[in-house]
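Here are some friendly notes to read alongside the model.

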Amino acid sequence: MDYYSSQITRLIEELSKLPGIGSKSAQRLAFHIINMPQEQVTGLAFSITEAKRNVHYCKECFTLTDQDRCPICKSEKRNHKVIMVVEDTRDLAAYEKTGKFEGVYHVLHGAISPMLGIGPGDIKLKELMQRLQGDVEEVIIATNSSLEGETTAMYISKLIKPTGIRVTRIASGVPVGGDLEYIDEVTLLRALEGRVEL
Ligand code: ZN
């Protein structure tokens, strides 16, 4: 089945391991890459390996960054007493795009899912609780409105309640099961402004 040279076949195989890339797209991308100028291909390969090598979790909010602490955590203009809890870095990016949220974030890297065997210990929840020992006034839970997101929101609110810190949940209005990153900015802002006490 080796219609192409083995190196092209390997490139197609590697590309088809990426999410959303079927074998047809992988072929198309492989041929596109082969036809690209050499320096462009070198640049692409270099940016992939460098990003993988240098990008890690911010030691405060656990978003992806190439610094010790991300620019948001480092900023003195942000309100560090308000923490918005999101499932992943793409959700953080969605809220940042609105430009209206002045607090900081906490990225869980997932949501609790008994069905998938993902428990509280598998997301960055312990790390959130540690942050709450500092000076925090409000935790806004902005996990997705999926079953997992709601389960996680309930779990977190139960954990935080006894500390006396205000816990809120972004308003529903965000489509059920909708990933935050696909929701437009107006809807996100409305969800944030209409947040309710838990
Ligand atoms: Zn950070």
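1. **The chain as a whole.** Please keep in mind that this is a predicted model. The protein chain has 198 residues, of which 39% count as buried. Its secondary structure amounts to eight helices and seven strands. Along the principal axes, the C-alpha atoms take up a box of roughly 65 × 35 × 35 Å. If we look at contacts between residues at least 6 apart in sequence, 55% of them join residues at least 24 apart.

2. Which atoms coordinate the zinc ion? The donors are the SG atoms of Cys-58, Cys-61, Cys-70 and Cys-73, at 2.3 Å. The angles that these four donor atoms subtend around the zinc ion run from 105 to 119 degrees, so the arrangement is tetrahedral. For that label, all angles must lie between 85 and 135 degrees.

3. **How the site sits in the sequence.** The spacing of the donor residues of the zinc ion reads C-x2-C-x8-C-x2-C. Cys-58 belongs to the loop between strand S1 (56-57) and strand S2 (64-65), while Cys-73 is in helix H4 (residues 71-74), so this pair ties together parts that are 15 residues apart in sequence.

4. **A closer look at Cys-58.** Is Cys-58 buried or exposed? Cys-58 has a relative accessible area of 0%, so it is buried; Cys-73 is buried too. Setting aside neighbours within four places in sequence, Cys-58 is in contact with Thr-63, Thr-65, Asp-68, Arg-69, Cys-70 and Cys-73. As for Tyr-95, 37 residues away along the chain, its C-alpha atom is separated from that of Cys-58 by 17 Å.

5. **The largest pocket.** The largest pocket holds about 360 Å³ of space. Which helices supply at least two residues each to its lining? They are helix H1 (6-16), helix H2 (23-35) and helix H3 (38-54), and H3 gives the most, with four residues.

6. **What lines the pocket.** The lining of the largest pocket consists of Leu-11, Glu-14, Leu-15, Leu-18, Leu-29, Ile-33, Val-41, Leu-44, Ala-45 and Ile-48. By type, these residues divide into nine nonpolar, no polar and one charged. Glu-14 is among the lining residues, and glutamate counts as charged.

7. **Phe-62, a positive phi in the S1-S2 loop.** Most residues other than glycine have a negative phi. Phe-62 has a phi near 70 degrees, a positive value in a residue other than glycine. Phe-62 lies in the loop between S1 and S2, and Cys-58 lies in that loop as well. With a relative accessible area of 14%, Phe-62 is buried, as the limit for this label is under 20%.

8. **His-109, another positive phi.** Where does His-109 lie? His-109 is placed in the loop between strand S4 (103-107) and helix H6 (125-131). Its phi is positive, at about 60 degrees, although His-109 is not a glycine. His-109 has 24% relative accessibility and so counts as partly exposed. When you go through the backbone, please look at both Phe-62 and His-109.

Note on methods: Residues are numbered from 1 along each chain as its sequence is written. This is a predicted model: local features need pLDDT of at least 70, side-chain atom pairs count only at pLDDT 80 or more; totals for chains, interfaces and linings use all residues. Side-chain values use heavy atoms; hydrogens and water are left out. Donors are N, O and S atoms within 2.8 Å of the metal (3.2 Å for Na, K and Ca); water is not among the atoms, so sites may look incomplete. Four donors count as tetrahedral if all angles lie between 85 and 135 degrees; four count as square planar and six as octahedral if opposite donors are over 155 degrees apart and all others between 65 and 115; anything else is irregular. Buried means under 20% relative accessible area, exposed over 50%, partly exposed in between (1.4 Å probe, protein chains only). Contact means heavy atoms within 4.5 Å. On a 1 Å grid over the protein atoms alone, a cavity is a set of points where a 1.4 Å probe fits but cannot get out, and a pocket is an open set with protein on both sides within 12 Å along at least five of seven lines; lining residues have an atom within 4 Å of a point. Grid points are joined across faces, edges and corners, and a volume is the space filled by probe spheres set on the points.
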